Amino acid sequence: MKKDEIIRVLKILIRNKLSLLGIIIILALIITALFAPFIAPYPNQAKGEPNPEEKLQPPSSKHWFGTDYMGRDVLSRVIYGARISLLVAVAVVSLGLLIGVPLGLLAGFKGGVVDAVVMRVTDIFLSFPPLLLALLISVTLGRGLENVIIALAVSWWPWYTRLIRGMAISIKEKPYVEVAKSMGISSWKIIGRHILPNAISPVIVQGTMDMGSAILEASALSFLGLGVQPPTADWGLMVSQGKDYLLNYWWYPTFPGLAIFITVLAFNLVGDVLREILDPRLRRRFL
Amino acid sequence: MTDGPLIRVENLKKYFPFKESLFSRKVKYLKAVDGVSFSIKKGETLALVGETGSGKTTTGRTIMRLYEPTGGKIYFEGKKITKLPKKKFQKIRMQMQMIYQDPYSSLNPRMSILNIIAEPLRQLKVENIEDRVLELLESVGLSKEHMYKYPDEISGGQQQRVAIARALAVNPKFLVLDEPTSALDVSVQAQILNLLENLQKDKNFTYLFISHDLSVVRYISHRVAIMYLGKVMEIGTVEQIFENPQHPYTRILLESVPIPDPKDRRRKKLVLPGEIPSPLNPPSGCPFHTRCPFAKDICSEKEPDYVEVENGHLVKCHFVEVMK
């Protein structure tokens, strides 16, 4: 059984070469983040130690991505930045799912007043442009990484609630749920055993793609000075600081920008292929 | 146990409220089931036959109280279950199970066959669940190899067998079969019908068999009720209905079954004109008068009562005697 499953997934991945690339990029990012101190050529500079002798050096064999306005190695800082970005991505999406999924399941399954209340609350949250809401919360809570994560998660969960509510509504009408009810299975067991497993796939796909968007929005908040504070290495912050140097010292904002771009793209590619992997109806076709 | 019927339905009604338009305040009712009465003896199969929209599925679902009836009474083993509170009804509901038209959507695609059948067993706190599941699988003609598969890895016929095995897990007495074979290939249909028949012989099950396929109905049922727009037009034994149909609607239905012999096809046939009227706006008087080739003035004015033609053979038509 398990072996068949692995073969099926591998076959899908081989057909979707771009998605395979996405997975490789994300794996590489995770390894980079975990082993940053060993990979980065100048770990101390990545942590913020200034190096005034080598200000704004172009890319060279000594500094592959050049150096910034304090002479710090851009490559080392991009490598350390992966830690922050992945942390933000995972934390924002998991927090969003943790709030959004139970509420959505409850709203969809119970219907009636519960549904109306939950949905009106999501409406309130969704009526703000997402970044603006995150900005508002972020400003209220103050600067710092934790606050950025909280701000983004709070502006994010309603999407998951909506998505899973819709799925729950369609699944609760299925005969197998009706059978379970007629056999006296409790609501909680029905939600856990029948509704959640069949409703979660699109949410997982969405969540994966959102990891990219979370990084992007966290970068935007950093860019505006609300997120991670200097001298911590963060991609958004580096782009923000480097933007003034773009014309004469292009490498400074470009490499962290590229890192954001590639990461967001990779998460989207993986989200695409997850859709196919998670669909149980497609299972037999590839065996 | 008494010799009374297992299931008795008296003047059952199920109306669905709806609004004519978004802004109108007046609530109208869709009369999906409108005064249906019948009883089914233990070990007997009653077929409910009718076109799409005739209310046959709604009748089945209302009996199981998947829809709360609007009016009328339902008795199970002589006990009135219509007004029973949910918790008390649950015990009785376990003895009534439903088999659905589409076997795939009646099985959770994320659960293995073992877990699907084990779910009701766990609920009943049965011991040695795996042995019991295997026993149930074997009783519907499946084997151990199917136990660890998922619903999408087996064929439609096998899926329906699994659904039947799950229903058997709670030791029901009464099964509502909602077109259990119409989603299956003809060859598989016969297998499932045989299985259902054998199970009935073995365990003395009572079936309510909902179908529009007359050849299947003739094969499996003991008695037949013909439904039209939420009402039973004619009810009787298989012989009475198929050999001696009285209601014009029944006769037209029976004649619409294709005849294999091409010579016979030249025979003049009664053909049913038009579509079944909308149950949102049912005709006055006899619901069938808009399509009935024998309709007279009285048909649109007065709803006919049941006439007993033979023992247990009831017909809802003004002209039963005349047409003889």
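**Close-up views of a two-chain predicted model**

View 1. A:Pro231 lies in the loop between helix H10 (187-223) and helix H11 (235-242) of chain A. Helices (H or I, at least four residues) and strands (E, at least two) are DSSP runs, numbered from the N terminus. The model is predicted: local features need pLDDT of at least 70 and side-chain atom pairs count only at pLDDT 80 or more, while totals for chains, interfaces and linings use all residues. Residues are numbered from 1 along each chain as its sequence is written, and chains are lettered from A and ligands numbered from 1 in the order in which they are written.

**View 2. Chain A contains 12 helices and zero strands.** The C-alpha trace of chain A spans about 75 × 50 × 30 Å along its principal axes. Of the 287 residues in chain A, 44% are buried. A residue is buried if 20 or more other C-beta atoms lie within 10 Å of its own, exposed if 12 or fewer, and partly exposed in between, with C-beta atoms placed from the backbone.

**View 3. Helix H8 of chain A bends at A:Ser155.** Helix H8 (residues 145-172) has 28 residues and should span 40 Å at 1.5 Å a residue; the end C-alpha atoms are 39 Å apart, which agrees. The expected span is 1.5 Å times one less than the number of residues. The bend at A:Ser155 is about 30 degrees, and a proline, A:Pro158, follows within four residues. A bend is the angle between axes fitted to the seven residues ending at a residue and the seven starting there. H8(A) is mostly covered, with 21 of its 28 residues buried.

**View 4. Chain B touches chain A.** Here 20 residues of chain B are in contact with 18 residues of chain A. Two residues are in contact if their C-beta atoms, placed from the backbone, lie within 7 Å. On the side of chain B that touches chain A, helix H2 (86-93) and helix H3 (113-123) of chain B each supply at least two residues. H3(B) gives the most to this side, with three residues.

**View 5. Strand S8 of chain B is covered on both faces.** How many of the six residues of S8(B) are buried? Six of six are. B:Thr206, B:Leu208 and B:Ile210 are buried on one side, and B:Tyr207, B:Phe209 and B:Ser211 on the other. Strand S3 (residues 45-49) of chain B is joined to S8(B) by five bridges, and the two run parallel. Two strands pair if DSSP finds at least two bridges between them. B:Tyr207 is the bridge partner of B:Thr45. Strand S7 (residues 174-178) of chain B also runs parallel to S8(B), again with five bridges, and B:Leu177 stands opposite B:Phe209. Not counting residues up to four places away in sequence, B:Leu208 touches several residues, including B:Ile40, B:Leu46 and B:Val176.

View 6. B:Asn204 is exposed, with 12 other C-beta atoms within 10 Å. B:Arg65 is partly exposed, with 18 other C-beta atoms within 10 Å.
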